[in-house]
Amino acid sequence: MISFTIALLALIVGYLLYGKFVERIFGPDDRPTPAVAMADGVDYIVMPSWKVFMIQFLNIAGTGPIFGAIMGAWYGPSAYLWIVLGCIFAGAVHDYFSGMLSIRHGGANLPELVGDYLGARAKKVMLVFSVFLLIMVGVVFVYSPALILKDYYWTPLVWVILIFVYYVLATMLPIDKIIGKFYPIFAFALLFMAVALMVMLFVKMPDIPEVWSDLDAANLNEPQSLLGTDSFFAQNPLFPCLFITIACGAISGFHATQSPLMARCVNHEKMGRPIFYGAMITEGLVALIWATVSSYFFYYGGWKECVDAATVNQFLAQANTEGGKSLIQFFSAPNVVEKVCTGWLGFFGGLLAVFGVVAAPITSGDTAFRSARLIIAEALHLEQKSVLKRFYIAIPMFAVAIGLLVWQMNDPNGFNVIWQWFGWSNQTLAVFTLWTITVYLVQQHKAFWVTLVPALFMTTVCSTYLFVSKQAFGLEHTTAYILGGCCLAVACVWFLAWYLKQMKTSK
């Protein structure tokens, strides 16, 4: 628990110190924001800063910092280091600059920003890539809350239909009609869940590994026969898989698609640090709490506190049989959320906590579809004040989403496949965003290293993952690492050549 406490404090200090440093690099001023200069009553609307923060936090949160942290905890306390360092020096920086660049470019979406700084070809790639990712996010965030809600009432199919109907309304209506009114309520539930679980951690003070004594998943209290982690780690090595698994709690390209929504609602540039940088730090806190809870749940007997005796006996009876599921397979991420919330917080506290966890993906799914609509409209130069023109884009977009959703529900492994590719796509989108910001900072003669270092690191992570993952090339680890290192070298040479040319041109 000492590592957990230090990590909590580090995130707060990171916001106060490094966040201020990043803000000074950008240099916000008093120029009119798009919400003021381009108000249209649909997407460009001035809203109170506290409400913009709540919406931004919920937009970027989803199940990413929860499910990702639960699965990332399989790697031990090294997850702490990635959440803290990734959040402060990569994720929050990524979110702040992407939001502020959108403000400076009239509320432009990510593909437009990429096109301005990386060129027309990169813009076309990013247009297809970001729309595909956003639809995939919407589909993932339809099904994952339905899996949690089914244990309380109705079937997953009924919940999927209800959530999807909500998505259509939230995508089509002006942003202040549904999103602006209901998000503060959802935000309270999600923050209550995080704070309540943090309090319970300090009450229980579980004996969990510390960073300085147990950086990986070794020396676990639960026997390997129950955890079944040998084959898991062989197929999913810590590098690069930890950095793909924990995305939204450390750095996430998805956030750069969401920031323009709030860039169109901010009434002053100086609110960028608490809204964009601050929301990411808050998400890091949520991920840190769930990583700690999950470490105790999976590896130190916490699961036995959260389930009834019959479930414990059922698992133990089949654990060592041929074809029996391991502890990690038996309790999926949605199961862990439900069992921990109800087991630790009681029925009513657990119900509110589960509501917060359910609200997180739903409120990211609706804005994912909304962002996709706006990106497509911007590419087609199709104004969105008219309801009919919103339908021109929404109908085919939702048709694709429904097809992907039906496949996911019919394939037993559909959710896991989509989630893995969502994680890689998410981080690859962050790579494009970081390189875009780096080019902007170079051109503005500002401290570009703040995004260059994360850009190089994430380029290496994403390329190595393609080489090592069984879902892609599935190469032997050493070969994959060598090829990943080659990609890093190419990125360094490319940037250096471009930078020297840029400096020569600017003289």
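**Group meeting: surface patch, salt bridges and cysteines**

Helices α8 (156–172) and α18 (333–380) each supply at least two residues of a nonpolar patch; helices here are DSSP runs (H or I, at least four residues), numbered from the N terminus. This is a predicted model, where local features need pLDDT of at least 70, side-chain atom pairs count only at pLDDT 80 or more, and totals for chains, interfaces and linings use all residues. Residues are numbered from 1 along each chain as its sequence is written, and side-chain values use heavy atoms, with hydrogens and water left out.

Back to the patch. Its members are Y152, Y153, W154, V158, L162, F347, F348 and L351, with about 850 Å² of accessible area together. Areas come from the Shrake-Rupley method with a 1.4 Å probe, and for residues only the protein chains shown count as cover. Patch residues have over 30% relative accessible area and no salt bridge; nonpolar side chains (Val, Leu, Ile, Met, Phe, Trp, Tyr) are joined within 5 Å, like charges within 9 Å. The largest share, 3 residues, comes from α18. F347 sits in that helix and is exposed, because its relative accessible area is 54%. The classes are: buried under 20%, exposed over 50%, partly exposed in between (1.4 Å probe, protein chains only).

Next, salt bridges, meaning a side-chain nitrogen of Lys or Arg within 4 Å of a carboxyl oxygen of Asp or Glu. The count is 11. R370 pairs with D43, the closest N and O atoms being 2.9 Å apart. R370 is in helix α18 and D43 in the loop between α2 (34–37) and α3 (49–61), so this bridge ties together parts 327 residues apart in sequence. Both R370 and D43 are buried.

K204 and E305 form another salt bridge, 3.1 Å from N to O. K204 belongs to helix α9 (residues 179–204) and E305 to helix α15 (residues 303–306), so parts 101 residues apart in sequence are tied together. K204 is partly exposed at 32% relative accessible area, and E305 is partly exposed at 38%. Salt bridges with shared partners also join D29, R31, R104 and E269 into one network.

How many disulfides are there? The count is 0, with a disulfide taken as two cysteine sulfur atoms within 2.5 Å. For C87, the nearest cysteine sulfur belongs to C248, 11 Å away. C87 is buried, because its relative accessibility is 0%. For C241, the nearest cysteine sulfur is that of C462, 11 Å away; C241 is buried at 2%.
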